[in-house]
Amino acid sequence: LRVVDALLRDENYAKAWEKGKDLLEKRNDFSEIRQRMGDIAEELTRYGEAEEHYKRAISLDEENGKAFHNYANFLKHRGRNMEAREKFEAAIAVSDSPVINNDYGLLLFKMGAYAAAASRFERGLELVDSDTMGDI
């Protein structure tokens, strides 16, 4: 998995795709590699495969907030806003983070739900503030 992550950071998506497929063939199926494969497939414009990988990642680990978050953004970018909204809510339920709240707020704003968007943005800022205060 570290090799795939390194290739992703280097934006070498084609090679990351091949290494990820190798990992899936040689090892048991696990959520983290499926989530990464969804990310890679999306970068390679293999949208059907991306969606299947995200769904599989979530089915393998319903506590994988990053899989829910990335799948929600995938859906948002394809105009599937109601589905994206459900996935953002699931992501927040397992991993309430500033980034997820911000991305969810952007979706809500786009949908015209301005008060709900403001609430998500405020929650994200609260989480940033609490993270910062914890380091003092």
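View 1. Let's start with histidine 69, which lies in helix 5; helices here are DSSP runs (H or I, at least four residues), numbered from the N terminus. This is a predicted model, in which local features need pLDDT of at least 70 and side-chain atom pairs count only at pLDDT 80 or more, while totals for chains, interfaces and linings use all residues. Residues are numbered from 1 along each chain as its sequence is written, and side-chain values use heavy atoms, with hydrogens and water left out. Is histidine 69 buried or exposed? Its relative accessibility is 10%, so histidine 69 counts as buried (buried means under 20% relative accessible area, exposed over 50%, partly exposed in between, with a 1.4 Å probe and protein chains only). Not counting residues up to four places away in sequence, histidine 69 touches Phe88, Ala91, Val99, Ile100 and Asp103; contact means heavy atoms within 4.5 Å.

**View 2. The largest nonpolar core.** This core has 31 residues, and Val4, Ile40 and Phe88 have the most contacts inside it. A nonpolar core is a set of buried Ala, Val, Leu, Ile, Met, Phe, Trp, Tyr and Cys residues joined through side-chain atoms within 4.5 Å. Which helix gives the most to this core? Helix 5 does, with 6 residues.

**View 3. Valine 4 and its partners.** Setting aside neighbours within four places in sequence, valine 4 is in contact with Ala16, Lys19, Gly20, Leu23, Ile33, Arg36 and Ile40.

**View 4. Helix 2 beside helix 3.** The axes of these two helices come within 10 Å and cross at roughly 150°. Axes are lines fitted to C-alpha atoms, for helices over the stretch in contact, and angles run from 0 to 180 degrees between N-to-C directions. Helix 2 and helix 3 are therefore roughly antiparallel to each other (angles over 145 degrees count this way, and those under 35 as roughly parallel, 65 to 115 as roughly perpendicular and the rest as oblique).

**View 5. Helix 3 beside helix 5.** Helix 3 (residues 31-43) and helix 5 (residues 65-77) pack at an angle of about 25°, with their axes 9 Å apart. These two helices are therefore roughly parallel to each other. Helix 3 contributes Gln35, Asp39 and Glu42 to the contact, and helix 5 contributes Lys66, Ala67, Asn70, Phe74 and His77.
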